[in-house]
Amino acid sequence: MRILYLTYYFRPDLCAGSFRNSSLFEAVLDQIGENDFVHVITTIPNRYGSYSVEGLAEEVGKNYRIDRLTVPMHASGMVEQAKAFTSYYKGVMKLIKNEHYDMVFASSSRLFTAFLGKRCSVMNRCPLYLDIRDIFVDTMKDIFKDKTLVRVTAGWVLGLIEKYTFKNANHINLISGGFKPYFAKYKKPTYSEYSNGIDDVFIEAGQESSADNGKPYIITYAGNMGSGQGLEKIIPEAAKKLGSDYKFRLIGDGGTRKKLEEKLKELNVDNVELLNPVARKELIQYYKESTFLFFHLNDLEAFKKVMPSKMFEYGAFDKPIIAGVGGYAAQFVDKNIPNHILFKPTDVDDFVNQMKAYQLKFERRDEFIKNFSRKSIDDKLAKSIVGIMK
């Protein structure tokens with residue numbers, strides 16, 4: 001059995017898609033036989049101009065090959081992302097021109113890796129297994145809700161691409177249970193719900209107990225700074241209102257970081273520290289120094305269906321988690337993550353009032369860690385992927 005494994009993000013990149021697919025790839029290798037072969041085609045890290053790391057263009061093992069394609073660097077802008085993906089698409093097609101595969105697996109957040117997987121499966125006349133990490137069409141409609149012409153045109157075009165991609169897939173894994181109603185219209189594929197999980201490196205790091213180190217309390221966010229996170233809509237005003245008793249440490253980069261910086265300057269906020277993306281070892285040290293761990297999603301209808309990957313990473317530590325989310329993610333936090341502060345997205349007053357009312361405590365989340373270990377989830381997902389050929 002020869003498997004084509006498509007993922008835009010892969011090790012040594014730093015993002016949720018990379019972490020998920022790097023560990024899942026290892027789990028797939030554990031499931032296949034010695035005569036089977038996995039061909040991963042991904043990209044050399046390109047997401048942030050402020051953080052770069054080298055990765056081998058080609059990596060070959062006993063029963064696998066990883067090809068990392070060079071694509072243009074981008075900073076989350078739509079045009080830049082389109083150019084980068086076009087480069088990836090062309091590179092994949094060139095690499096597989098004279099190859100044959102028995103199945104195609106594609107892990108996708110922005111639809112187009114899934115579309116590429118569909119094209120490859122048609123070329124090889126083989127089964128297609130999709131791992132869907134976001135509903136791109138839904139998100140685009142929300143982002144362009146005030147631009148009618150763009151929204152309608154993009155919605156129509158992307159809708160056709162989505163229908164072509166999903167309608168006749170053999171199997172679709174949904175990373176969030178909140179996606180289920182949306183995908184009900186696609187009847188042919190079988191479905192599963194294997195979510196994100198907690199990597200062992202965070203589970204091990206989180207075993208150390210926290211202590212109250214006094215004020216200022218450090219509130220840490222680590223991740224993308226784009227329109228999906230909407231940090232510029234919550235952090236500057238909240239930091240201003242909370243004052244010197246709290247220090248926000250924001251680690252990352254993305255398309256709206258500049259807006260965030262401008263808002264902080266406009267309000268003359270002096271208790272927010274902005275850092276560029278860092279490697280995991282350094283990130284874990286920042287987590288350990290924190291009092292609170294923070295994540296937030298913009299107040300858009302599409303984001304009421306998703307589950308931020310950060311909640312799993314944060315949940316390995318005994319720190320209180322601050323979650324500015326709604327919909328399915330809010331239900332998930334309330335049900336599965338003890339010791340949390342849950343507030344309405346972009347609602348500064350709700351956030352500030354709850355912070356001031358909160359009594360600081362640190363609490364292990366053993367049940368959460370047990371239920372959402374990345375290794376356990378990946379083993380099940382890998383078995384599902386390989387099993388489609390049996």
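**Close-up views of a predicted model**

**View 1. Gln-229 lies in the loop that joins strand E9 (217-222) to helix H8 (235-242).** The structure shown is a predicted model. Gln-229 has a relative accessible area of 16% and is therefore buried, the cut-off being under 20%. Apart from neighbours within four places in sequence, the contacts of Gln-229 are Tyr-221, Asn-224, His-296, Leu-297 and Asn-298.

**View 2. Leu-128 belongs to strand E6 (residues 128-132).** With a relative accessibility of 2%, Leu-128 is buried. When residues up to four places away in sequence are not counted, Leu-128 touches Val-104, Gly-117, Lys-118, Ser-121, Thr-165, Ala-169, Asn-170 and His-171. Between Leu-128 and Ile-235 there are 42 Å from C-alpha to C-alpha, and the two are 107 residues apart in sequence.

**View 3. The largest cavity holds about 40 Å³ of space.** The model has 2 cavities of 30 Å³ or more. Lining the largest cavity are Leu-111, Ile-132, Asp-134, Ile-135, Phe-136, Val-137, Glu-162, Phe-166, Tyr-182 and Phe-183. Helix H4 (136-143), helix H5 (148-166) and helix H6 (180-183) are the elements that each give two or more residues to this lining. By class, the lining of the largest cavity comprises 8 nonpolar and 2 charged residues, with no polar ones.

**View 4. The second largest cavity holds about 30 Å³ of space.** Its lining consists of Val-137, Met-140, Lys-141, Phe-144, Arg-151, Ala-154, Gly-155 and Leu-158. Two or more of these residues come from each of H4 and H5, and H5 gives the most, with 4 residues. The lining of the second largest cavity divides into 5 nonpolar, 1 polar and 2 charged residues.

Conventions. Residues are numbered from 1 along each chain as its sequence is written. This is a predicted model: local features need pLDDT of at least 70, side-chain atom pairs count only at pLDDT 80 or more; totals for chains, interfaces and linings use all residues. Side-chain values use heavy atoms; hydrogens and water are left out. Buried means under 20% relative accessible area, exposed over 50%, partly exposed in between (1.4 Å probe, protein chains only). Contact means heavy atoms within 4.5 Å. On a 1 Å grid over the protein atoms alone, a cavity is a set of points where a 1.4 Å probe fits but cannot get out, and a pocket is an open set with protein on both sides within 12 Å along at least five of seven lines; lining residues have an atom within 4 Å of a point. Grid points are joined across faces, edges and corners, and a volume is the space filled by probe spheres set on the points. Ala, Val, Leu, Ile, Met, Phe, Trp, Tyr, Cys and Pro count as nonpolar, Asp, Glu, Lys and Arg as charged, and the others, Gly among them, as polar.
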